[in-house]
Amino acid sequence: MSIPFDNPEYPSTTPEADTLTDSVLMLLALTVVQRLVGFGRAVLFCRWLPAEQLGLWDMTFSFLVVASPVAVMAIPGAFGRYLEYYRQRGQLATFLRQTSIACASLAVVACVVIALTRHQVSAMLFGTTDQAGLIALTAGCLAVVVVYNFCIELFTAMRNIRLVSAVQLTNSVVFAVLGVGLLLCWQPSAESVLLSYGGSCVTAAAVGVWCLVRLRRRSRTASRQPRPSDGHSPHLAHPTVWRKVLPFASWLLLACVLTNLFEVVDRYMIIHFSGSSAGRPLDLVGNYHASRLVPMLLVSLATMLATMITPHLSHDWESGHRQQAAARLRLFLKTVGLALWALAVAVLIAAPLLFKFALKDKYPGGLAVLPWTLVYCSWFSLWVIGQNYFFCAEKARLASVSLAVGLVANVLLNIMLLPRYGLMGAVWATAAANALSLWLLCRFNHRLGFRLDFGARLVLALPLVLCLGPWVAGLTLIVVAAEVIWGNRLLREEEKSQLGEGIADLVRRAGLERWLPESRRAVGR
């Protein structure tokens, strides 16, 4: 039985794919709500949890982030690249059926292994076996996280941002409600936060599975309609799927592991190599978590946008419009990079108020390292966006190489800087490693044909201004804004025209065409 979008000759049976403009609009609108909920939740967690318990939750969540793609060999990550490939050949049902069975089987095995080795995992993660019970709870949570991520990857690959946003918003709201409830009514501990996160993933995954069931029912109705013979076989031999997907998924798995290790290695180094007294490493991790509270919002926003654009770039690439895909990615990199940098400047200016009032002055170490945390999170966000060109060119292994080099540099620099400079040394090491990985990514992309103009290179360098302080960063923001509006070095005229057309399209869709200039109205008509 085929699913609705098996046959490319029947687009009416396909869940409506959102355009890139619609995707950005819906994603940003719902992201504002979702991130406001998430930020409020994170602030409350920081206020109510002791620094050591906050460090425990940070390390536990980091483990889930690393383990979830490993558990399923990053197979769902290939959806963004290959769902369109198999859909156009009428072979999508077979593709999804095989990948679903594989992911379910692998996830069960992974959860059982973690539960059986909970003492060893606790020693690796926390430096002690005392948290084996927390690890057993984490193993159960991993199963629902895998299902949740599967739904997100599938809906994103369908280019149906409505479903993606609905599932993610459900997860965020339920996590906030359960987390606040358990912390207030049960105990202020990492266990309470982990249980609330698992409950939110269960709820969000249930919403995603319900949507998939509805699509399946629609497919049964569509399958009763006669279909013309189009030369495509409705079935696909098993080896064909895995010959195409497994090499890409293998490199993607390596990239996911390296990306996640790259993102958490500094905290592992703090736990095992800081040389602090008993209990102090987790306290340092808690301060580090507070410094990353807002910067990681920027990373998550960049990750969502980068994931969202992957199917659109893949569509251009598969249609033979490779230069168009490169130009679209370059403009996306510049506009998102500028927006994220402007937000980082605003965070830097408002940071004293955030740490003094919202966090009750509990994390002075976090405030001290915040500028450099913003710097490296901005660079990592740009790296996440730039790696899309690797995916289109089916060179995901190059992303792994750039991360592997950065990961090694991060470990070596942490060994040198962490014992002497403490938390600041760990953040310096991470910033240097991110700069190195981003530079390598740009070099590899250049060899593949993705050129960065002067404006794109300047966007990559702008985050470094953040370490000079809020006033210098604020003045630089004014200069950059003036250049964007009146100059053409950051954004060329044709790029401004494309952005203007996109904004005008959004305004027309909102029914506010009267606010457009006459020239834009004429284009719309």
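Predicted model: local features only at pLDDT ≥ 70, side-chain atom pairs only at ≥ 80, totals over all residues.
Local features required pLDDT of at least 70 and side-chain atom pairs counted only at pLDDT 80 or more, whereas totals for chains, interfaces and linings use all residues. Residues are numbered from 1 along each chain as its sequence is written, and side-chain values use heavy atoms, with hydrogens and water left out.

Four cavities of 30 Å³ or more were counted. A cavity is a set of points on a 1 Å grid over the protein atoms alone where a 1.4 Å probe fits but cannot get out; its volume is the space filled by probe spheres set on the points. The second largest cavity holds about 70 Å³ of space. Its lining residues (an atom within 4 Å of a point) include Phe262, Glu263, Arg292, Tyr376, Cys377 and Asn434. Helices 9 (238-273), 11 (295-318), 13 (364-386) and 16 (423-448) each supply at least two lining residues, helices being DSSP runs of H or I with at least four residues. Helix 13 gives the largest share, three residues.

The axes of helix 5 (residues 118-126) and helix 6 (residues 132-157) come within 8 Å and cross at roughly 105°. Helix 5 is therefore roughly perpendicular to helix 6 (65 to 115 degrees). The contact (heavy atoms within 4.5 Å) involves Arg118, His119, Val121, Ser122, Leu125 and Phe126 of helix 5 with Ala132, Leu134, Ile135 and Ala136 of helix 6.

In total, 16 aromatic pairs were found, with ring centres within 6.5 Å. Phe175 and Tyr197 form an edge-to-face pair (planes over 60 degrees apart), because their ring centres are 5.3 Å apart and their planes stand at 65°. Phe175 belongs to helix 7 (residues 161-185) and Tyr197 to helix 8 (residues 190-223), so the pair ties together parts 22 residues apart in sequence.

Technical notes:
1 Å grid on protein atoms, 1.4 Å probe; cavity = no way out; pocket = protein on both sides within 12 Å on 5 of 7 lines; lining within 4 Å. Axes fitted to C-alpha atoms, helices over the stretch in contact; angles between N-to-C directions. Parallel < 35°, antiparallel > 145°, perpendicular 65-115°, else oblique. Phe/Tyr/Trp six-rings, centres within 6.5 Å; stacked < 30°, edge-to-face > 60°.
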